[in-house]
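Please read the following report alongside the sequence and the model.

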Amino acid sequence: MNSLYLAYLHSCGISQKKLAQIFESEEISPKDFFESLSDKTLLPYFPNTEQRNKIIETRTKLNIDFIEKTLKRLWVQKISIFDKEYPENLKNISNPPCLLYVKWTLDNSPKIGVIGSRNM
């Protein structure tokens, strides 16, 4: 359940780093945060008014059914840092991603991945 609402929040334009920051200090669940998304709830994390307004606007236009159907059609799992399936090794890095979009299966064997590195 958490991973689904983290995916929605991520779709609203909240970065992985910001999601981790919000949920490491908040006593609120991703579901409750998403459902109560407002200028007031975003203010502690986004001092820029334009940024808050953009997130709120995106939230109002968010097509949840489309997101769910697309992830299902593409066979993409959502695994949050709160889920037991989240790789233990990944939790131990500095700034672990709050949400993983996984196309295959995960195990806890050591791995390395390079993303977005067209020019080394």
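The sections below take these topics in turn.

## Basis of the model

The model is predicted, with local features requiring pLDDT of at least 70 and side-chain atom pairs counted only at pLDDT 80 or more, while totals for chains, interfaces and linings use all residues. Residues are numbered from 1 along each chain as its sequence is written, and side-chain values rest on heavy atoms, with hydrogens and water left out.

## Packing of helix 1 and helix 6

Helix 1 (residues 2–11) packs against helix 6 (residues 64–73) at an angle of about 115 degrees, the two axes lying 11 Å apart; helices here are DSSP runs (H or I, at least four residues) numbered from the N terminus, and axes are lines fitted to C-alpha atoms over the stretch in contact, with angles running from 0 to 180 degrees between N-to-C directions. Helix 1 is therefore roughly perpendicular to helix 6, a term that covers angles of 65 to 115 degrees. The crossing of helix 1 and helix 6 is right-handed, meaning that the near helix is turned clockwise from the far one by less than a right angle.

In this contact (heavy atoms within 4.5 Å), Leu4, Tyr8 and Ser11 of helix 1 meet Ile64, Ile67 and Glu68 of helix 6. The residues of the contact of helix 1 with helix 6 comprise four nonpolar, one polar and one charged.

## Aromatic pairs around Tyr5

The structure holds five aromatic pairs, a pair being rings of Phe, Tyr or Trp (its six-membered ring) whose centres lie within 6.5 Å, with planes under 30 degrees apart counted as stacked, over 60 as edge-to-face and the rest as tilted. The ring centres of Tyr5 and Tyr8 are 5.3 Å apart and their planes stand at 80 degrees, so this pair is edge-to-face. Both residues lie in helix 1, three residues apart, or about one turn of the helix.

Tyr5 and Phe34 form a tilted pair, 5.8 Å centre to centre with 55 degrees between the planes. Because Tyr5 lies in helix 1 and Phe34 in helix 3 (residues 30–35), the pair ties together parts that are 29 residues apart in sequence. Ring pairs link Tyr5, Tyr8 and Phe34 into a cluster. Tyr5 and Tyr8 are both buried, as are both Tyr5 and Phe34, where buried means under 20% relative accessible area (1.4 Å probe, protein chains only).

## Surroundings of Cys12

Cys12 is placed in the loop between helix 1 and helix 2 (16–25), and counts as buried because its relative accessibility is 3%. Leaving aside residues up to four places away in sequence, Cys12 touches Phe34, Ile55, Thr58, Arg59 and Leu62. Cys12 and Thr58 are 46 residues apart in sequence and 5.3 Å apart in space, C-alpha to C-alpha.

How values were computed
Helix = DSSP H or I, 4+ residues; strand = E, 2+ residues; numbered from the N terminus. Parallel < 35°, antiparallel > 145°, perpendicular 65-115°, else oblique. Nonpolar A, V, L, I, M, F, W, Y, C, P; charged D, E, K, R; others polar. Buried < 20%, exposed > 50% of the residue type's maximum accessible area, 1.4 Å probe, protein only.
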